[in-house]
Amino acid sequence: MSTGRKLFGTDGVRGEAGTFLTAELATALGRAATASLEAERPQILIVRDTRESGPMLESALAAGIAAAGGDALLGGVLPTPAAAVLVKRLGLDLAAVVSASHNPYRDNGIKFFSAAGTKLDDEAEARIESLIESEEPAARPGRVRELNGGLEDYLRALQAAFPLDLSGLRVLLDCANGATFRAAPAIFERLGATVETLGDEPDGRNINDGCGSTHLGAIATAIADSEATIGFAFDGDGDRVLAVDGKGRMHDGDELIALTARGMAARGELQGGVAVTVMSNYGFHQAMEEAGIEVAVTQVGDRHVLDELRERGWSLGGEQSGHIIDTRFVATGDGIAAALATMRELEGGDLAALAPMRKLPQKLVNVEVADRDAIAGAEPVWEAVEREGEALEGRGRVLLRPSGTEPLVRVMVEAPSAEEADAVCERLVSLVRRELS
């Protein structure tokens with residue numbers, strides 16, 4: 001097999017369970033991942049979310065690990081960032097997460113974390129793929145056993161990082177019927193908050209179904225009839241979070257990162273600046289400039305954000321979608337940790353009143369095209385992008401990029417008014433369609 005990455009995408013191996021992601025493929029991935037390690041008897045943690053295909057893939061993955069001479073430690077249902085915390089905390093060689101994050105229940109995925117608690121880089125994933133067809137048996141098979149106490153270890157790590165007193169506060173949590181359904185309420189209650197929950201009754205098929213961070217309508221409606229003053233919505237595997245204030249207004253990752261960055265900077269805790277992606281709102285950049293905080297911009301994807309943080313020696317970054325990374329706690333997005341960081345900065349105050357940025361109106365249109373790569377040579381489009389961008393300089397911005405996986409060109413415009421954003425976007429969308437029809 002080629003040393004290139006054909007199975008691994010931007011966030012592990014992901015696809016429909018039972019058709020693309022089969023038990024056979026999971027076993028092969030477990031065997032290859034174990035064989036890629038230098039340890040004599042690798043110790044590998046497996047955690048999963050609540051999808052009905054999770055136990056099947058967990059068992060198959062564990063079988064592959066044991067067949068290659070490793071010990072598979074089954075942590076059960078835990079948020080993805082818990083794997084990154086536990087692999088370091090317990091001194092293990094690798095962690096595997098069985099989850100498809102915010103995707104529907106029919107999909108599932110497998111991604112790996114190194115002994116340092118970071119997602120594997122491209123080279124490590126390519127090495128696993130190069131070994132996947134090897135079926136050389138181990139001299140002595142490993143074991144499969146339950147790991148007890150993983151949830152408690154994760155909760156203790158959260159409490160140590162965020163020693164907050166939330167007594168007297170009422171919080172609404174939407175756990176997306178996913179991996180946070182036990183951990184999120186438990187830590188907020190442990191810190192003294194009164195907790196109301198949504199999406200905390202997983203049945204294997206209702207993960208991300210009309211709930212969680214991809215469907216904020218549920219928590220926005222619920223908080224209007226609640227005494228809670230703030231709500232947090234997680235995605236299926238718990239690596240991202242969005243918030244709503246007491247009136248049901250949404251606050252995205254940009255706002256939560258800005259709030260945290262300003263608080264950390266005021267206390268002298270911010271290491272350098274913050275790293276965000278090209279999708280972050282122009283209002284975020286304005287707010288950080290006003291606060292004197294440097295901003296680095298990366299491609300879309302939390303992996304790119306983490307790479308930028310490492311290169312610069314910074315600790316805080318994330319995405320508008322709610323992936324928020326503070327490497328002082330764990331080197332991946334952690335929705336629960338980000339929610340606790342938000343509570344720390346609010347100090348009991350109102351999120352709506354304390355939000356540290358003004359979001360510019362944004363218009364985003366996905367234009368279907370026959371060949372997304374053809375946009376690179378569409379000179380009239382890029383000339384128009386430059387012209388419109390110059391007209392908005394200092395007031396907003398224009399972003400045009402092809403999708404990485406779909407036959408789409410994404411056109412995004414941010415401007416001081418919704419009317420101007422709509423007008424600029426409409427002109428560019430019409431031009432893209434005309435040039436690439």
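This is a predicted model: local features need pLDDT of at least 70, side-chain atom pairs count only at pLDDT 80 or more; totals for chains, interfaces and linings use all residues.
Two strands count as paired if DSSP finds at least two bridges between them. Strands (E, at least two residues) and helices (H or I, at least four) are DSSP runs, numbered from the N terminus. Residues are numbered from 1 along each chain as its sequence is written, and side-chain values use heavy atoms, with hydrogens and water left out.

With that settled, on to the sheet. Its 5 strands form an open sheet in the order β8-β7-β9-β10-β11, with mixed pairing. At the edges sit β8 (194–198) and β11 (250–251), each pairing on one side only. Strand β10 (residues 241–245) runs antiparallel to β11, and 2 bridges join them. Across from Met250 in β11 stands Val244.

Next comes Gly150, which is found in helix α5 (residues 150–161). Gly150 counts as buried because its relative accessibility is 4%, where buried means under 20% relative accessible area, exposed over 50%, and partly exposed in between (1.4 Å probe, protein chains only). Leaving aside residues up to four places away in sequence, Gly150 touches Leu78 and Leu86, a contact being heavy atoms within 4.5 Å. Gly76 lies 74 residues from Gly150 in sequence, yet their C-alpha atoms are 8.5 Å apart in space.
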